[in-house]
Amino acid sequence: MLKKLLKKPKFLTGFIFLTVLLLVSFLYEPFFEKGVESISFLHLDGGMAGPPFTPAELPPLGSDRLGIPLWTYIIQGAKFTILLGLLISFLQLVLSLFFSIAFTGLSKRFLTVFEEAVESMIYVPMAVIAFMLLFPLRFVVDAEVEPIKFLSIQIFLLTLIGMPQIVVVLSKEIQKTMQEEYILSTRTLGARGWYLYRRHVLKNLLPRLFLLFFQRNVSVLILFAHLGILGVMLGGQVEKEIMVGESRIFSLSNEWAGNIGNSRIEMMTGPWIIFSPLAALSLTVLAFNMMASSLQALIMGETAVIRRKDVRDEKANPHSSGGTTEEGKFTLEKHRTYPG
């Protein structure tokens with residue numbers, strides 16, 4: 001599947017964009033950071049101008065109120081934003097998969113009640129729930145706690161927030177897969193427990209899991225942007241003086257969502273300050289969407305090919321009885337249908 005995906009231009013474009021962005025971001029501290037300085041004044045047209053500088057005054061993106069070039073925030077914060085999104089999406093998917101497998105063994109009544117409870121929460125924006133849990137955290141957690149521990153608590157809460165909906169989706173997919181003819185035949189032959197899930201169910205769900213992973217990355221990045229607007233910064237925050245007698249809060253990790261939240265008050269006076277992290281986040285979301293759409297098109301294409309092949313086989317042998325042989329014994333299906 002990976003070879004087929006790399007041949008798709010949309011998937012390849014998104015993959016190269018994210019890879020190059022992460023690579024440059026990791027090279028920032030050892031190679032670029034020492035050469036970056038905050039600029040207090042610029043001589044322009046015979047006069048002097050102070051920060052923030054526009055993109056025309058300080059290419060390519062201008063500067064913030066401290067005179068620090070905005071491109072440094074974009075490059076430095078890329079690895080934190082993208083990797084945090086990947087980590088949270090991966091944790092949500094893996095934990096939800098284990099819970100989904102466990103829930104399929106419970107009673108249908110419990111699954112129905114759980115599904116209805118989760119669906120009732122859809123009308124509450126996820127950003128509101130996350131804000132209610134994360135915003136008071138900085139007042140509850142001691143100020144001397146290390147940023148890594150503070151970030152770990154935030155990752156844990158954000159992982160839990162997105163799990164219920166994924167559990168419902170995967171539970172339905174597993175229940176649907178368990179009704180496939182080749183699964184029923186395998187269970188008749190004696191396959192049970194983890195062997196059944198590992199050798200048959202998970203293989204059938206694997207393309208769907210990859211697609212869901214890319215989709216979750218998009219949702220998590222959008223959630224980051226909403227939290228940034230609401231004043232929640234991942235990894236903690238620090239207060240810096242931007243002028244005499246006036247201070248402002250900045251993100252410790254320079255993640256894009258925090259910069260978007262910090263820059264919202266500059267909308268009227270310096271719109272380029274909020275545009276830079278917003279454009280970077282939008283392009284990253286676009287890259288994940290391109291990769292997800294390519295994967296979805298590949299899955300749907302393989303499903304169509306499998307179904308057409310099954311129809312041809314049925315026409316060629318109209319007297320065959322599906323999954324049984326002439327002796328009446330069950331045989332495993334060779335063709336699997338991937339849920340799109």
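The model is predicted. Its protein chain has 340 residues, 42% of which count as buried. The secondary structure comes to 11 helices and 4 strands. The average pLDDT of the chain is 79.

**Overall make-up**

- The accessible surface of the protein chain is about 19200 Å². Carbon and sulfur atoms hold 65% of that surface.
- Among contacts with a separation of 6 or more in the protein chain, 71% join residues 24 or more positions apart.

**Confidence**

- A pLDDT of at least 70 is reached by 79% of the residues.
- Over residues 320–340 the pLDDT stays under 50. For this stretch the model has 45 contacts beyond four places in sequence.

**Nonpolar surface patch**

- A nonpolar patch on the surface is formed by Leu2, Leu6, Leu12, Phe15, Ile16, Val20, Leu23, Val24, Leu27, Phe31 and Phe32. Together these residues have about 970 Å² of accessible area.
- Two helices, H1 (2–6) and H2 (9–32), each supply at least two residues of the patch. The largest share, 9 residues, comes from H2.
- Leu2 is found in helix H1. Its relative accessible area is 56%, so Leu2 is classed as exposed, the cut-off for that class being over 50%.
- Phe15 belongs to the nonpolar patch, and Phe15 is also part of an aromatic cluster.

**Aromatic pairs**

- Ring pairs are counted where the centres lie within 6.5 Å. The count comes to 9 aromatic pairs.
- In the pair of Phe103 and Phe114, the ring centres are 5.3 Å apart and the planes stand at 75°. The pair is therefore edge-to-face, a class that needs planes over 60 degrees apart.
- Phe103 lies in helix H3 (residues 70–104), while Phe114 lies in helix H4 (residues 108–120). The pair therefore ties together parts that are 11 residues apart in sequence.
- Phe103 has 14% relative accessibility and so counts as buried, as the class takes values under 20%. Phe114, with a relative accessible area of 23%, is partly exposed.
- One aromatic cluster is formed by Phe11, Phe15, Phe213 and Phe214.

Technical notes. Residues numbered from 1 in each chain as written. Predicted model: local features only at pLDDT ≥ 70, side-chain atom pairs only at ≥ 80, totals over all residues. Heavy atoms only, no water. Patch = residues over 30% accessible without salt bridge, like charges linked within 9 Å, V, L, I, M, F, W, Y side chains within 5 Å. Areas by Shrake-Rupley, 256 points an atom, 1.4 Å probe, with all protein chains shown as cover. Salt bridge = Lys/Arg side-chain N within 4 Å of Asp/Glu carboxyl O. Buried < 20%, exposed > 50% of the residue type's maximum accessible area, 1.4 Å probe, protein only. pLDDT = per-residue confidence, 0-100. Contact = heavy atoms within 4.5 Å. Phe/Tyr/Trp six-rings, centres within 6.5 Å; stacked < 30°, edge-to-face > 60°.
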